[in-house]
Amino acid sequence: MEYNSYKTASVSKEAAHEQKKWVVVDAEGQILGRMCTKVAKLLRGKYKPSYTPNVDCGDYVIVVNASKVQLTGNKWNDRVYVRYTGFPGGQREFTPADLMAKGADKLVRKVVKGMLPKNRLGSKQITNLFIFEGPEHDKQAQKPVVIDINTLK
């Protein structure tokens, strides 16, 4: 009996590590949420045909000019993030403007981390993100490729 067997090939951890690339994303003039969704997909590897959900097969992403990211409307002060310390009365609120005052990398990292899986894989993938507030970065030795984030879907 002859039949066609169509199987989805899963990528092993070792094979996925060999396919990793370094990419540079320029955040100047980009809308924060729209840019971060594409960065999160790059970190997960969803733009690759060999995407496997349970393997870290995404690229290393370098975000430059993070301090020049935009938010539409009055979201700098109207949007509120909430965290809880674990103690009674320990609920803390902060806005994107508060995070930007501490450093643009904190704002971008928080938004991207919220778009990754909430497990050990997501924790591993967020370590592949490198954020710089200015146009310069210290990862030239990896020979990163500059990509236009607007061409991705």
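Predicted model: local features only at pLDDT ≥ 70, side-chain atom pairs only at ≥ 80, totals over all residues.
**Entry on Lys20.** I began with Lys20, which I found in the loop that runs between helix H1 (13-18) and strand S1 (22-26). I then looked up its accessibility: Lys20 has a relative accessibility of 14%, and because buried means under 20%, Lys20 counts as buried. Leaving aside residues up to four places away in sequence, I noted that Lys20 touches Lys48, Asp56, Gly58, Asp59, Tyr60 and Asn128.

Next I followed strand S1 into an open sheet of four strands, where the order is S5-S2-S1-S6 and the pairing is parallel. Strand S5 (129-131) and strand S6 (145-147) stand at the edges with a single partner strand each, so one side of each has no neighbour in the sheet. On average, neighbouring strands here are turned by 25° against each other, direction ignored. Between S1 and S6 I noted three bridges in the parallel sense, and the partner of Val23 in S6 is Val145.

**Entry on helix H2.** Finally I turned to helix H2 (residues 32-44), whose 13 residues reach 18 Å from first C-alpha to last, close to the 18 Å expected at 1.5 Å a residue. Its buried residues include Leu32, Met35, Cys36, Val39 and Leu43, and also Lys38 and Arg44. What covers the buried residues of H2 includes S1, strand S2 (60-64), helix H5 (104-113), helix H6 (120-126), S5 and S6. Just after H2, I noted that Gly45 takes a positive phi of about 90°.

How values were computed:
Residues numbered from 1 in each chain as written. Heavy atoms only, no water. Helix = DSSP H or I, 4+ residues; strand = E, 2+ residues; numbered from the N terminus. Buried < 20%, exposed > 50% of the residue type's maximum accessible area, 1.4 Å probe, protein only. Contact = heavy atoms within 4.5 Å. Pairing = 2+ DSSP bridges. Axes fitted to C-alpha atoms, helices over the stretch in contact; angles between N-to-C directions. Expected span 1.5 Å × (residues − 1).
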